[in-house]
Amino acid sequence: MNRWQLRAIYLFSHDSRRRELIFDLNAVNIVTGSSGSGKSAICEVLDYCLGSRNCHIPGIVRDATSWAAILLSNGNTEAFIARRIPPPEQLSTDEVSLSFGASVRIPDSADQLEGNTNTGTLLRRLEQLFGIGNATTEVLGGNRHPSRISARNTVPFLIQDDDVIINKTVLLRGAQDEHRISIIDSFPYFLGVSDEETIAREAEFRRMQGQLAAEDRRIAALEKQREHVELNLREIAAEAHSVDLLDISLQDSSPERLRRALSEIGEWSPEAESGAAGDQMSQLSDLRQRLFFQRSQLMSQINEGREALREAQQFVTISERQERRLQTIELFGISDQPLETCPVCSSKILNNTNTLTVLRGAYRELQGQLVGAERERPQIDQYIASLQSEIDGLTAQLNSVKAQIRGTLNEAATVQEKLSLTQRKLRIAGRISYFMEIDKAAEQPISFKQRDDLRRQLAGLQESVDLDSKLNRIQDAQQEIGILADSILSELPFPASYPTRRVFLGVRDLSTGIITDQRRVLMRDIGSDENYLSIHVSILLALHRFFKTHLRPVPGFIVFDQLSRPFYPPDKMPGIVETRSDLERKELKKYFDVLFKEIEHQKDFQIIVLEHAFFADDDRYVKAVGARSLEGQKLIPSDWPLRT
């Protein structure tokens with residue numbers, strides 16, 4: 001045995017207890033229980049532990065459980081996978097406990113569980129265990145981007161839950177929601193139409209296609225160059241002539257002469273242009289700045305001198321006016337001795353006053369200031385004249401510098417024109433050099449060997465990557481699965497009104513039904529829940545036969561949630577139903593007969609049925625139930641505490 005099967009399911013309470021369901025490998029396992037016993041939650045526990053994005057474990061099972069776990073086995077190795085149950089406000093958790101071994105020790109309580117990885121790593125490890133390599137989905141001509149094949153892509157083949165098992169339009173779990181496209185695009189991989197080897201060949205095919213396209217472009221360029229070589233030669237020679245790189249007559253020169261002349265131009269390099277104009281411009285600019293600064297300082301000084309001269313002139317004017325007013329003091333003389341008689345009336349002065357003395361002193365002081373002011377004014381005039389002379393000299397120098405700058409700018413413009421011409425020459429010389437290389441290569445014989453080798457290799461890969469070839473292989477796989485499903489359906493309840501029919505499965509649109517001699521009949525058009533169930537069971541078992549025969553990386557087990565739905569609907573008959581010897585019992589028993597027979601056929605295959613019907617008189621059925629009845633004790637014991 002090397003196909004992975006479900007060995008056990010474990011649920012851990014919030015108070016250090018554990019609930020387990022153990023399954024037999026390579027056998028039919030039946031879990032019985034009435035409605036509300038928790039048996040349908042097994043599908044969601046399995047899905048969650050296989051890395052689902054969200055936790056859909058229902059009701060009280062989720063509320064009373066802290067961790068959910070499964071144990072997978074392939075007969076040699078066991079894989080224990082536990083995921084923490086998220087709180088009510090969360091959709092999921094990323095905390096995973098993962099362990100491998102020949103015989104994994106199962107923790108007794110949640111206290112012994114510790115997250116050691118996340119769901120991303122879990123899925124990668126499951127891919128390794130299942131044998132899924134570095135593979136991508138196959139869009140088969142669509143405009144979707146391929147995505148990586150994951151262990152999650154196997155789940156639709158493992159679980160037939162209550163939403164699907166008698167659904168008249170949906171065959172696989174997830175095909176009715178956002179996972180539908182993922183199922184369609186991953187189907188070719190699981191059918192073996194595309195695998196790791198073909199995907200590698202496709203990558204090699206695309207790489208070679210790129211190489212071939214590049215080689216085709218190279219050859220086309222060489223052929224075009226050969227066709228237009230002389231025209232291109234004369235065009236590029238004309239360009240060289242327009243910038244004086246070529247001085248021979250274009251009309252009279254042969255192609256050989258033009259090639260020789262152009263080969264010399266290809267090595268042309270410009271002479272270094274002098275930078276004297278730029279240096280001189282820099283020096284003149286610096287000199288102009290210095291002269292401006294010096295003249296500015298002199299202008300400030302001359303303004304100060306002129307202000308001093310104005311103030312001196314104003315002082316002299318005021319002082320002269322005062323002097324004229326005080327000249328009357330001369331009537332009293334200039335002696336400091338007291339007067340005995342009045343100089344005006346000649347009367348005898350009886351008492352001398354101090355006022356006359358003060359007036360005499362002021363008069364003499366004013367005369368001294370006037371003399372000083374008259375003496376300093378010519379000196380100020382001379383100072384201002386000398387400053388003005390310096391300013392005139394600086395202005396003359398500035399005018400000279402400005403003239404030199406204008407001359408230098410004119411010279412720089414000439415140099416710029418030369419540089420522009422030099423740049424044009426350089427570009428044309430570069431083009432000539434490139435042209436001569438292409439021209440030389442064009443003279444050599446064109447090699448088609450690499451292109452021919454690539455075409456042969458691509459032809460060898462074409463069949464394995466060709467879309468039509470893939471579609472043909474899908475058609476072959478669909479026919480094989482249809483034949484297998486036919487043989488199974490022949491033993492299941494199905495209308496006698498379709499005596500000659502073939503089961504079909506369309507993996508590109510997930511359609512299914514039967515093909516009669518007259519037409520194709522979709523499953524929904526056949527009618528009856530019993531017929532829907534028969535088609536589901538026959539195709540799912542046929543798929544697992546195909547997976548085993550072609551060694552595809554899909555685990556070897558499937559879970560059916562209540563095969564008795566068409567006969568004993570759980571909403572109408574919620575308790576355990578013990579079947580009797582009537583027609584319905586006979587029809588229902590056909591499904592279980594097929595399941596037991598399938599285990600004998602496939603050997604390393606496991607079927608798990610969640611059921612509320614019970615065949616007490618069928619030893620195989622009773623043995624398949626074993627200790628897995630949930631009638632005495634529900635999946636969640638009644639005394640387990642709920643999440644607080």
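This passage covers the nonpolar cores and the aromatic contacts of a predicted model.

Start with the packing. The largest nonpolar core takes in 113 residues, and the members that touch the most others are Leu72, Phe187, Leu563, Phe592, Leu595 and Ile607. Helix H13, spanning residues 529-549, is the top contributor to this core, with 11 residues. A second core sits separately from it and has 16 residues, among them Ala237, Ile248, Leu258 and Ala261. As background, nonpolar side chains in soluble globular proteins tend to be buried together.

Phe187 is worth a look of its own. Setting aside neighbours within four places in sequence, Phe187 is in contact with Phe157, Leu172, Leu505, Val507, Leu510 and Leu543. Phe187 also belongs to a cluster, linked by ring pairs, together with Phe157, Tyr189, Phe190 and Phe547.

On the aromatic side, searching the whole structure turns up 11 pairs. In one of them, the ring centres of Phe157 and Phe547 are 5.1 Å apart with the planes at 70°, so this pair counts as edge-to-face. The two partners come from distant parts of the chain, 390 residues apart: Phe157 is in the loop between helix H3 (119-130) and strand S7 (159-160), while Phe547 is in helix H13. Phe157 and Phe547 are both buried. Phe494 and Tyr498 make a tilted pair instead, at 6.1 Å centre to centre and 45° between the planes.

Arg83 lies over the face of Tyr48, 3.9 Å from the ring centre. Arg552 does likewise with Tyr189, at 5.1 Å from the ring centre.

Key:
Residues numbered from 1 in each chain as written. Predicted model: local features only at pLDDT ≥ 70, side-chain atom pairs only at ≥ 80, totals over all residues. Heavy atoms only, no water. Core = buried A, V, L, I, M, F, W, Y, C linked by side-chain atoms within 4.5 Å. Buried < 20%, exposed > 50% of the residue type's maximum accessible area, 1.4 Å probe, protein only. Helix = DSSP H or I, 4+ residues; strand = E, 2+ residues; numbered from the N terminus. Contact = heavy atoms within 4.5 Å. Phe/Tyr/Trp six-rings, centres within 6.5 Å; stacked < 30°, edge-to-face > 60°. Lys NZ or Arg CZ within 6 Å of the ring centre and 35° of its normal.
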